[in-house]
Amino acid sequence: MKKIYLAGPDVFFRNANAHFEALQARCTALGLLGVRPSDGGLSQAAEASKGSGDEIAQRIYTANVALIRDCDAVLANLMPFRNPLEPDSGTVFEVGMAVALGKPVAGFVPDLGLAYEDKVARVCGLQRDAAGLAWDVSHGFMVEEFCQPMNLMLSRSTALFSSADEAMAHLAALWGPAAR
């Protein structure tokens, strides 16, 4: 059975355990093993939650890097997180690591059909200069206009879908029934 690392800000959801159980069940239905991110042992025992913030953070980082290395692919929730435009930076790191390791990544993102420049215009406002370049009004940064649903480094490296189920189905299809 192929192992799929479940990347995303889902670990911060109030109902994270139930959410991951549902994702794992949906993976299992497709012949995949959904692997939830590690919390470095925080949820298991009082002893595991001891240590400085640096020590706990290092345990979480080390455990999740090992999980990504051990998995066959990554399913990434690329929803906007803590801002209306960008995905969780930890998830983006995990996607980049998986891509660098040559592992397939399937991401899901709301408003998949909406170009990033349109999302920026909605949230920040868009203004064009004399040369026709687009700039976001809120921050003054140039806006890439490539009709991609998100930053090109994600949209070009990751198969993107509008739902977790579509992304899971894509990953399952990579290996077919014989590989499960």
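Reply: The count of aromatic pairs comes to two. This is a predicted model.

In one of them, the ring centres of phenylalanine 12 and phenylalanine 81 are 5.5 Å apart and the planes stand at 25°, so the pair is stacked; planes under 30 degrees apart count that way. Phenylalanine 12 is in the loop between β1 (2–7) and α1 (16–29), and phenylalanine 81 is in the loop between β3 (73–77) and α3 (89–100), so the pair ties together parts that are 69 residues apart in sequence. Phenylalanine 81 counts as buried because its relative accessibility is 14%, with the cut-off for buried at under 20%. Phenylalanine 12 has a further neighbour: the charged end of arginine 82 sits over its ring, 5.0 Å from the centre.

Tyrosine 61 and phenylalanine 93 also form an aromatic pair, here a tilted one, with 6.2 Å from centre to centre and 50° between the planes. Tyrosine 61 belongs to helix α2 (residues 53–70) and phenylalanine 93 to helix α3, so this pair ties together parts 32 residues apart in sequence. Tyrosine 61, at 44% relative accessibility, counts as partly exposed. Phenylalanine 93 counts as partly exposed too, at 43%.

As for the setting, the protein has six helices and seven strands, in the order β-α-β-α-β-α-β-α-β-β-α-β-α along the sequence. Of its 180 residues, 38% count as buried. Among contacts between residues at least 6 apart in sequence, 64% join residues at least 24 apart.

Key: Residues numbered from 1 in each chain as written. Predicted model: local features only at pLDDT ≥ 70, side-chain atom pairs only at ≥ 80, totals over all residues. Heavy atoms only, no water. Phe/Tyr/Trp six-rings, centres within 6.5 Å; stacked < 30°, edge-to-face > 60°. Helix = DSSP H or I, 4+ residues; strand = E, 2+ residues; numbered from the N terminus. Buried < 20%, exposed > 50% of the residue type's maximum accessible area, 1.4 Å probe, protein only. Lys NZ or Arg CZ within 6 Å of the ring centre and 35° of its normal. Contact = heavy atoms within 4.5 Å.
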